[in-house]
Amino acid sequence: MRKHSKLMIGMRAMSAAFLLAFGGTSLAADAPSTGRPVLARSDGEKAGLSVEVTELKRGTGGTVTLKFVMVNNTKGQISFNYDYGDRGLSTIDFDTVGGIHLLDAVNKKKYLVVRDSEKKCVCSTVKGDIPVDERMNLWAKFPAPPEDVKVISVMIPHFAPMDDVPISP
């Protein structure tokens, strides 16, 4: 094993130990299936279900894109149905993640998922279930907060809030 690899493994172990000792949802470890850094992690209401935010990035046209992974370590398949959609748009949001939002605590503003002219979310539409011990990559697009907002809370239905998630340029 190269010196660089050993050093990275040691640094990750120290980061994980620090987080375990002092708590927090922000992580610097790599997501196993994507190789991207995990910016935040949250456990779901259902034991064994978790999400990992892998990217929150400003884009062109005044938007930010959230990329995340849902991890199913439960004892059964995870179906989306209406669980992660906007309850007010349940017929449109079936099998989507349209109920996610961002919360800017400093400016006291909530950012909802961008919608098209037919009110469909600009987000992942899930075809099928997440099998046991599998991961699913998901995404959603939001209006961008002001440029001076560098961190924001990510709110996914049925998961604990993930605060202070960094927004990359």
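Guide: Welcome! Strands (E, at least two residues) and helices (H or I, at least four) are DSSP runs numbered from the N terminus, and two strands pair if DSSP finds at least two bridges between them. This is a predicted model: local features need pLDDT of at least 70 and side-chain atom pairs count only at pLDDT 80 or more, while totals for chains, interfaces and linings use all residues. Residues are numbered from 1 along each chain as its sequence is written, and side-chain values use heavy atoms, with hydrogens and water left out.

Visitor: Which residue takes a positive phi in the hairpin of S1 and S2?

Guide: S1 and S2 (residues 49–58) pair in the antiparallel sense over four bridges. Their hairpin has five residues between the strands. The one with a positive phi, near 95°, is Gly48.

Visitor: What is the bridge partner of Met70 in S6?

Guide: Let's look at where S3 (residues 63–72) meets S6. These two strands pair in the antiparallel sense over ten bridges. For Met70, the partner in S6 is Met136.

Visitor: Which residues form the covered face of S1?

Guide: In a regular strand the side chains alternate between the two faces of the sheet. In S1, the uncovered face holds Arg41 and Asp43. The covered face has Ala40 and Ser42.

Visitor: Why does Thr63 count as buried?

Guide: Thr63 is found in strand S3. Leaving out residues up to four places away in sequence, its contacts (heavy atoms within 4.5 Å) include Lys57, Arg58 and Phe142. Buried means under 20% relative accessible area, exposed over 50% and partly exposed in between, with a 1.4 Å probe and protein chains only. Thr63 counts as buried because its relative accessibility is 13%.
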